[in-house]
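Hi everyone, thanks for coming. Let me put the structure up on the screen, and then I'll walk you through a few places in it.

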Amino acid sequence: MVRRAAGGVKGARRPEVRLPSLEPFGGAGLEPDGDYDGLEFDAAELGGQDGAGARFMDCALTGCALDETRLRHARFLDSVLSVVRGVGTDLAEATLRDVELTDARLGGPQLHGAVLERVLIRGGKIDYLNLRTARLRDVVFEGCVLVEPDFGGARLERVEFVDCALKGADLHAATLVDVDLRGAAPVEISRGLDRLSGAVISPAQLLDLAPALAAQWGIRVEG
């Protein structure tokens, strides 16, 4: 059931992940098109491995290294990723559905063309998140720091930013529907201010964005 937040915007549906008893992952590494069901990856060194097209169902990845890990077209379903870290993780065109990502430290993760549905991203810091042309529906960014995220050409529907920092976001050609930015501080938009229709912001955020909006519309403000 979709809830309606204050201000008339529809609130995001959060994931409700209930993991079963998990078996420890005992494999030598990831495999392309691998099938991982009910497994716990505990502090696994997965950097540089190829798990393209793999399916992770009812899995927990805790403290794993994901540097340059290839997970293009992978599917994460009803899974939890906690304290994962890595640079250049490739999740292009992946699917994340009913997923919790907590306390991640990621640099330049590639999720362009990905599909995120009922995803909670809580805590941690993600630099240069690439979500170009991705589809986000019922996604919550909570208590995290996003540095120069790229939402270019993406569709965001029922997306919430709660107690998080949004620095230098690119919204060029993005489509926003029921996007709640009121919980973000700061809100910095580097491109795509004209795409903010479909979003709700606070009066204080409007004042913060006023200089950029004036520049966008060619308005001169003089004392």
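Let's start at alanine 92, which touches Arg72, His73, Gln110, Leu111 and His112, leaving aside residues up to four places away in sequence. Contact here means heavy atoms within 4.5 Å. Before going on, a word on the source: this is a predicted model, where local features need pLDDT of at least 70, side-chain atom pairs count only at pLDDT 80 or more, and totals for chains, interfaces and linings use all residues. Residues are numbered from 1 along each chain as its sequence is written, and side-chain values use heavy atoms, with hydrogens and water left out.

Back to alanine 92: you'll find it in the loop between β7 (85-87) and β8. Helices (H or I, at least four residues) and strands (E, at least two) are DSSP runs, numbered from the N terminus. Is alanine 92 buried or exposed? With a relative accessible area of 0%, alanine 92 is buried. Buried means under 20% relative accessible area, exposed over 50%, and partly exposed in between, with a 1.4 Å probe and protein chains only. From alanine 92 to glutamate 31 there are 61 residues in sequence and 17 Å in space, C-alpha to C-alpha.

Now let's step back to the whole protein. Its secondary structure comes to one helix and 14 strands. The radius of gyration is 18 Å, close to the 17 Å that the globule rule gives for 223 residues, so the protein is as compact as a globular protein of that length. That radius is taken over C-alpha atoms, and the globule rule is 2.2 Å times the number of residues to the power 0.38. Along the principal axes, the C-alpha trace spans about 65 × 35 × 25 Å. Of the 223 residues, 52% count as buried. Among contacts with a separation of 6 or more, 12% come from residues 24 or more positions apart.

What about the inside? The largest nonpolar core has 58 residues, and those with the most contacts inside it are Phe41, Phe56, Leu61, Phe76, Leu136, Phe141 and Phe161. A nonpolar core is a set of buried Ala, Val, Leu, Ile, Met, Phe, Trp, Tyr and Cys residues joined through side-chain atoms within 4.5 Å. At least two residues of this core come from each of several elements, including β3 (39-42), β12 (155-170) and α1 (203-216). Phenylalanine 161 touches residues including Phe141, Leu146, Val179 and Asp180, again not counting residues up to four places away in sequence.

On to the aromatic rings. How many aromatic pairs does a search of the whole structure find? There are seven. Rings of Phe, Tyr and Trp (its six-membered ring) pair if their centres lie within 6.5 Å; planes under 30 degrees apart count as stacked, over 60 as edge-to-face and the rest as tilted. In one of the pairs, phenylalanine 25 and tyrosine 36 have ring centres 5.9 Å apart and planes at 80°, so this pair is edge-to-face. Phenylalanine 25 lies in the loop between β1 (23-24) and β2 (35-37) and tyrosine 36 in strand β2, so the pair ties together parts eleven residues apart in sequence. Tyrosine 36 also pairs with phenylalanine 56: the centres are 5.0 Å apart and the planes at 25°, so this one is stacked. Phenylalanine 56 sits in strand β4 (residues 55-57), 20 residues away from tyrosine 36. Both tyrosine 36 and phenylalanine 56 are buried. Phe25, Tyr36, Phe41, Phe56 and Phe76 form one aromatic cluster.

Phe41 brings us to β3, whose covered face holds Leu39 and Phe41, while Glu40 and Asp42 are on the uncovered one. Strand β3 runs parallel to β1, joined by two bridges, and parallel to strand β5 (residues 60-62), joined by three. Two strands pair if DSSP finds at least two bridges between them. Leucine 39 in β3 stands opposite glutamate 23, and glutamate 40 stands opposite alanine 60 in β5.

Last stop: helix α1, where glutamine 205 has its place. At 5% relative accessibility, glutamine 205 counts as buried. Its side chain reaches the backbone oxygen of leucine 181 at 2.6 Å and the backbone nitrogen of serine 202 at 2.8 Å. Both are polar contacts, meaning pairs of N or O atoms within 3.5 Å; within protein, one must be able to donate a hydrogen and the other to accept it, and residues adjacent in sequence count only if both atoms are side-chain atoms.
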